[in-house]
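Please look at the sequence and the structure together before reading on.

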Amino acid sequence: MLVVPNGTCPVILNTYFCQKVVAKEDSRITHEAQYWDTSLPRRSITLAQMFRFKSLTNSSPESQVMYSGLTTMETNWNHRHEEEAKQHFSAQSPLRDSLLDAIESQGAATWSGVGVPVVVQRVYSLPWRCDLGSGSAAPPSSDPPRVRVSFLVQDAYGMFSEVHSEGTILKDRELEGKSCSLTGMKILRKATRGRAAGLFSLIDTMWPPVMPLKAPGCSEACEEVKTQLPPPGFCYILTAHPNLGQINIIEEDPISKLYQPPIPRFLREILQTDDIGIRCSFYARVIYQRPQLNSLLLLERRQIWLTVTDVTLQMQDENNSGLPKTMPVCVTSSCVLDQEVLDVLAEAAVHSFFFRDALRDSGQIVCVERTVLLPKPILDVTSGAHSCELPGPVMLDELDSVTQVNSICNVQGTVIGVDESTAFSWPTCDLCGNERLEQSPEDRGVFSCGDCSRVVTSPRLRRHLQVFLDCPSRPQCTLRVKLLQNSISSLLRFAACEDGSYEVKSVLGNEVGLLTCFVQSITTDPTSCIGLEEIELLSAGRASSDHHQLP
């Protein structure tokens, strides 16, 4: 509600297309503003066009229709005049160079006869959700996760919009960096920094613009606009009409010069910055992932932890000793992974990725909405930070006081205890390794393997064993380590009896290590304890059977 001084009644002000402006208390500026006789450019738009009236009728003796400076005066409206007016609006609707102009002229209706030239800054997939006002219901939870292709576009005035479409990501990715014309769009909602922090963290990586922007009332770009405009505070989320929506490439349009590709950086450079909530792009080698993906997880969106490294973290000298040799990257459930990426992750082998527009948040690198993972460097980059080659075998940090949860490290120590409450064993097939043997009802000591279709006479015993270690690098902390089968066999080699049992006292005091471990938890209350799990790093071949077990 807006109260006008000396007014007779309150005024309802629609701020849907407004942006907050803080006026300066300057009497000279106020005086000039009051006597400024240069009128701003105005758009003459009829109410019939704004509200999409199906019929143009007027009972008054005289009707005036203004459109693009053209005035038509008629005293009597008949059917012929109505059809001519409709055809006139449709045929003469020009291409608008401003997203705000198109949004204001079309309102909440689907754009008809209106196109806006934009540059496609990014192409990515977003999780499908019920959009406000779309009239769509959310898909059943039993169905595979649905996603929609989205475009982050920018017009000649610097205005951004996110466009949702029903296209294919592999095909639409070719539009990135191209100038295109948007037609058949519809407003879903208005996004602000407070309500869409993730979207604006991506927009901030493209601000300020690399070339001057157009200013309202100017036919050409103004140099002042390049430096004086603050970062955008709002944008509009648009959706393409299933039948009318189009995103067509415009050849050799100068607006394409606004495109700002992602700039890859080395991991060491990223870790040395203290920026929070800033997007970053980098190439890295994935040496471990948790959990391992299988066909079930491909249909279920869940959080994944990837341990990555690059040449700058592996080739550190004494001056860079404060940085880790590997870095955990969290891929949240909101980050949509293409099928190509899922197939690579399911191979459980060493692989390299380009992480585009990941989020640097609270000392961690997080893949969130609008982050894109590419399994190979398919983008044209000018930076030298695109090599994933390592100087040699992967080096890991030793467990110390700065080790973080969800990271990997080397551990060695002395066994000071065994967690007998969680220790157990089970028989497996000595030929194929099948862990689901069937026990004979007549003879409980006889097992059969369904995979081999045979009786297993000498089953191989597998164990689950967790031990407590005293570690020299963390003398005031107890380490609880879940061991792999090879480490268990080595530890119990001289302690196990013929029936598979063992004496706990025969295990105490033995040295174990060097173990490669994943840090599961770090607690300080009531006592300092670190939960670890021994792992095997990804290799050129498939991972061992231990890695197929979910945590």
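The chain holds 12 helices and 27 strands; here helices (H or I, at least four residues) and strands (E, at least two) are DSSP runs, numbered from the N terminus. This is a predicted model, in which local features need pLDDT of at least 70 and side-chain atom pairs count only at pLDDT 80 or more, while totals for chains, interfaces and linings use all residues. Residues are numbered from 1 along each chain as its sequence is written, and side-chain values use heavy atoms, with hydrogens and water left out.

Of the 551 residues in the chain, 43% are buried. Buried means under 20% relative accessible area, exposed over 50%, and partly exposed in between (1.4 Å probe, protein chains only). Contact means heavy atoms within 4.5 Å. Among contacts between residues at least 6 apart in sequence, 69% join residues at least 24 apart.

An open sheet of 7 strands has the order 7-10-5-4-3-6-11, with mixed pairing; two strands pair if DSSP finds at least two bridges between them. Strand 7 (185-192) and strand 11 (246-249) stand at the edges with a single partner strand each, so one side of each is left without a neighbour in the sheet. On average, neighbouring strands of this sheet are turned by 40° against each other, direction ignored. Such angles run from 0 to 180 degrees between N-to-C directions, and the axes are lines fitted to C-alpha atoms, for helices over the stretch in contact. Strand 7 runs antiparallel to strand 10 (residues 234-240), and 7 bridges join the two. One of the residues involved is Met185, whose bridge partner in strand 10 is Ala240. Helix 4 (residues 99-106) lies across several strands, including strand 3, strand 7 and strand 10, and runs at about 65° to strand 10.

A hairpin joins strand 26 to strand 27 through 5 residues.

Where is empty space left inside? Rolling a probe the size of a water molecule over the atoms shows where empty space is left.

Some backbone details remain. Most residues other than glycine have a negative phi, and most peptide bonds are trans. The peptide bond from Arg290 to Pro291 is cis, with omega near 0°, and Pro291 lies in the loop between strand 12 (278-290) and helix 9 (295-299). Another cis peptide bond joins Gly513 and Leu514, and Leu514 is found in strand 26. Glu252, although not a glycine, has a positive phi of about 55°, and this residue is exposed, with a relative accessible area of 81%. Asp357 has a positive phi of about 60°, but Asp357 is buried, with a relative accessible area of 3%.
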